[in-house]
Amino acid sequence: MGIVSAFRAQFACACLLIVLVALPLRAEPIDDYNTALKLYEQKRWEAAAKGFAGFVKAAPQHPKSPLAQLYQGQALTHAQKYSESRVVFREFLKSHADHPDAPLAAYRIGESSYFLSEYPAAAAELGEFVTK
């Protein structure tokens, strides 16, 4: 092998390496869910909420998507972002009214209204929760 051939081989390998390094690594959506769950367990509420929201957006049909939406609302509640959590819980109930955790979402909607000092709305929402 001559010097030119060896250089071409090295150059081709270097170009291939550059292309491979430049390609973005794609994680599976469940990896995003698991990362958000770890953040939730660490009580890093805002980061967890953001992670769950990203998972739901990236994989809305994934079997874990409803649970991720519920965790997102819970994380926002823990972060005392009641207005945002109420929106998430309302969306959850619209999409997953028959989910086993629907009562939790209904309760959290009323609770969020209460913490926002929206007492008439809280009374109505919690009253609806109690009668269901």
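The model is predicted. The protein has seven helices and zero strands. Of its 132 residues, 30% count as buried.

**Overall fold**

- Along the sequence, the pattern reads α-α-α-α-α-α-α.
- Take the contacts with a separation of 6 or more: 41% of them join residues 24 or more positions apart.
- The protein exposes about 8,900 Å². Carbon and sulfur atoms supply 61% of that area.

**Aromatic pairs**

- The whole structure holds 10 aromatic pairs.
- Phe52 and Tyr71 form a stacked pair, because their planes meet at 10°, under the 30 degrees that counts as stacked. Their ring centres are 5.2 Å apart.
- Phe52 sits in helix H3 (residues 45-58) and Tyr71 in helix H4, so this pair ties together parts that are 19 residues apart in sequence.
- Phe52 is buried, at 0% relative accessible area. Tyr71 is partly exposed, at 23%.
- Tyr114 and Phe115 make an edge-to-face pair. The centre-to-centre distance is 5.8 Å, and the angle between the planes is 65°.
- Both partners of that pair are partly exposed: Tyr114 has a relative accessible area of 45%, and Phe115 has 41%.
- Ring pairs also build a cluster from Tyr33, Tyr40, Trp45, Phe52, Phe55 and Tyr71. The stacked pair of Phe52 and Tyr71 therefore belongs to this cluster.

- Gln72 lies in helix H4 (residues 65-78). Its relative accessible area is 14%, so Gln72 counts as buried, the limit being under 20%.
- Beyond four places in sequence, Gln72 touches Ala49, Phe52, Ala53 and Val88. One of these, Phe52, is itself buried.
- Gln74 is also found in helix H4. Gln74 is buried, at 11% relative accessibility.
- Not counting residues up to four places away in sequence, Gln74 touches Tyr40, Phe89, Leu104 and Arg108.
- Gln74 and Tyr40 are 34 residues apart in sequence. Their C-alpha atoms are 9.2 Å apart in space.
- Tyr40 is among the members of the ring cluster.

**Arg108 in helix H6**

- Arg108 is placed in helix H6.
- Which class of burial does Arg108 fall into, buried or exposed? Arg108 is buried, with a relative accessible area of 14%.
- Arg108 is in contact with Gln74, Thr77 and Phe89, leaving aside its neighbours within four places in sequence.
- Phe89 touches Gln74 and is in contact with Arg108. Gln74 and Arg108 also touch each other.
- Arg108 and Phe129 lie 21 residues apart in sequence. From C-alpha to C-alpha, they are 9.5 Å apart in space.

**Largest pocket**

- Helix H5 (82-95), helix H6 (102-115) and helix H7 (119-131) are the elements that give two or more residues to its lining.
- H6 gives the largest share of the lining, four residues.
- The pocket is lined by Arg90, Leu93, Ala97, Ala102, Pro103, Ala106, Ile109, Glu125, Glu128, Phe129 and Lys132.
- By class, the lining has seven nonpolar and four charged residues, and no polar ones.
- Phe129, one of the lining residues, is the residue whose C-alpha lies 9.5 Å from that of Arg108.

**Positive phi in loops**

- Lys43 has a positive phi near 60° and is not a glycine.
- Lys43 lies in the loop between helix H2 (29-41) and H3. Its relative accessibility is 59%, so Lys43 counts as exposed, the limit being over 50%.
- Ser117 likewise has a positive phi, about 60°, without being a glycine.
- Ser117 lies in the loop between H6 and H7. Ser117 is partly exposed, at 46% relative accessible area.

Definitions and conventions
Residues are numbered from 1 along each chain as its sequence is written. This is a predicted model: local features need pLDDT of at least 70, side-chain atom pairs count only at pLDDT 80 or more; totals for chains, interfaces and linings use all residues. Side-chain values use heavy atoms; hydrogens and water are left out. On a 1 Å grid over the protein atoms alone, a cavity is a set of points where a 1.4 Å probe fits but cannot get out, and a pocket is an open set with protein on both sides within 12 Å along at least five of seven lines; lining residues have an atom within 4 Å of a point. Ala, Val, Leu, Ile, Met, Phe, Trp, Tyr, Cys and Pro count as nonpolar, Asp, Glu, Lys and Arg as charged, and the others, Gly among them, as polar. Buried means under 20% relative accessible area, exposed over 50%, partly exposed in between (1.4 Å probe, protein chains only). Contact means heavy atoms within 4.5 Å. Accessible areas come from the Shrake-Rupley method with a 1.4 Å probe; for residues, only the protein chains shown count as cover. Rings of Phe, Tyr and Trp (its six-membered ring) pair if their centres lie within 6.5 Å; planes under 30 degrees apart count as stacked, over 60 as edge-to-face and the rest as tilted.
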